[in-house]
Amino acid sequence: MELVVLGASAAYPGPGKACSGYLLREGNTNILIDCGPGVLSNLLRWIDPASLNSLIITHLHTDHFLDIYPLRYYLQYEKRVATPLLVITPSGGKEHFLRLIAKERQDLFMEVFQFRHFVAMEEIKIGTLHIRPFLVPHFKETYALNIEGKKRVVFSSDCGFECKPIISEAAGDVDLLVCEATLQAKDDLLEKGHLTAEQAGKIAAEAGAKRLLLTHIWSSLDPRVSKKQAENYFPGEVIIAEENRKYLI
């Protein structure tokens with residue numbers, strides 16, 4: 001199992017970067033997790049998006065889904081795909097995406113994608129991977145993901161520190177915890193609903209995770225500071241998510 005970080009910026013992409021997007025691969029199974037601004041361009045460096053088995057959108061904030069629109073054009077006009085791509089979203093995802101499309105063009109959009117909604121804790125099998133979504137506290141309906149294949153990875157998605165017992169339990173002894181670390185200690189940049197790097201370290205330590213990958217860091221912050229703050233609480237390896245880098249799980 002391997003993870004390619006396609007975008008790791010919070011809210012807006014920094015210069016030459018992209019917002020949330022991760023390609024998870026095992027054998028012939030390719031899953032795209034989130035598809036924020038800039039993600040499609042990076043995805044094209046790694047695989048033909050027509051070979052994706054599924055696109056998973058963890059929640060309906062624009063930094064996690066906007067590139068579904070250019071992805072539609074690639075699949076529809078460049079590749080002329082015959083089978084719609086499975087898109088798994090929180091409730092109301094399809095309707096949310098269709099709002100930006102003229103009514104007379106919505107049928108074309110639906111030729112490319114087939115939508116399915118998460119059901120909390122209900123397992124989804126895609127190729128060789130088993131995915132169990134679970135709700136975490138954020139501003140909108142948001143799902144973290146526990147994904148198991150030959151290895152196991154947990155994605156925190158975006159969440160406030162109230163998620164600590166939820167993520168810690170799900171990520172118990174996990175091979176890799178991919179955890180948002182939008183903020184740094186004593187940072188009042190945003191309203192509550194996101195984690196600091198210290199909090200990410202505490203969650204990983206409580207879970208007994210083997211490795212911690214910090215992501216969704218606010219672009220103007222120094223990620224080296226985030227890494228050091230997480231290491232104050234987590235004794236294992238702390239990694240800063242770097243775009244267009246592959247991590248073996």
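Trainee: Where Phe109 is concerned, does the residue count as buried or exposed?
Mentor: This is a predicted model, in which local features need pLDDT of at least 70 and side-chain atom pairs count only at pLDDT 80 or more, while totals for chains, interfaces and linings use all residues. Residues are numbered from 1 along each chain as its sequence is written, and side-chain values use heavy atoms, with hydrogens and water left out. Relative accessible area under 20% is called buried, over 50% exposed and in between partly exposed, using a 1.4 Å probe and protein chains only. At 0% relative accessibility, Phe109 therefore counts as buried.

Trainee: How many aromatic pairs does the structure hold?
Mentor: Rings of Phe, Tyr and Trp (its six-membered ring) pair if their centres lie within 6.5 Å, and the planes make the pair stacked under 30 degrees, edge-to-face over 60 and tilted for the rest. By that criterion, the number of aromatic pairs in the structure is 10.

Trainee: How are the rings of Phe65 and Phe97 arranged, stacked or tilted?
Mentor: The ring centres of Phe65 and Phe97 are 5.0 Å apart. Their planes stand at 50°, so the arrangement of this pair is tilted.

Trainee: How many residues apart in sequence are the parts that the pair of Phe65 and Phe97 ties together?
Mentor: Helices (H or I, at least four residues) and strands (E, at least two) are DSSP runs, numbered from the N terminus. Phe65 belongs to the loop between E4 and helix H2 (68-78), whereas Phe97 belongs to helix H3 (residues 93-98). Both of these phenylalanines are buried. Given their places in the loop and in H3, the pair therefore ties together parts whose separation in sequence is 32 residues.

Trainee: What is the arrangement of the rings of Phe109 and Phe115, tilted or stacked?
Mentor: A centre distance of 6.3 Å goes with planes at 20° for Phe109 and Phe115. Phe109 and Phe115 also belong to a cluster linked by ring pairs, together with Phe65, Tyr69, Phe97 and Phe113. With the planes of Phe109 and Phe115 at 20°, the pair is therefore stacked.

Trainee: Which residue of E4 is the bridge partner of Ile33?
Mentor: Two strands pair if DSSP finds at least two bridges between them. Strand E2 (residues 21-26) is joined antiparallel to E3 by 6 bridges, and these two form a hairpin with 2 residues between them, where Gly27 in the turn has a positive phi of about 60°. E3 is also paired with strand E4 (residues 54-56), in the parallel sense and over 3 bridges. Within E4, the bridge partner of Ile33 is Ile56.

Trainee: Which strands give two or more residues to the lining of the largest cavity?
Mentor: A cavity is a set of points on a 1 Å grid over the protein atoms alone where a 1.4 Å probe fits but cannot get out, and lining residues have an atom within 4 Å of a point. The largest cavity is lined by 14 residues, with Tyr22, Asp34, Phe155, Ser157 and Thr215 nearest its centre. The elements giving two or more residues to this lining are strand E3 (29-35) and strand E11 (176-180).

Conventions: 1 Å grid on protein atoms, 1.4 Å probe; cavity = no way out; pocket = protein on both sides within 12 Å on 5 of 7 lines; lining within 4 Å.
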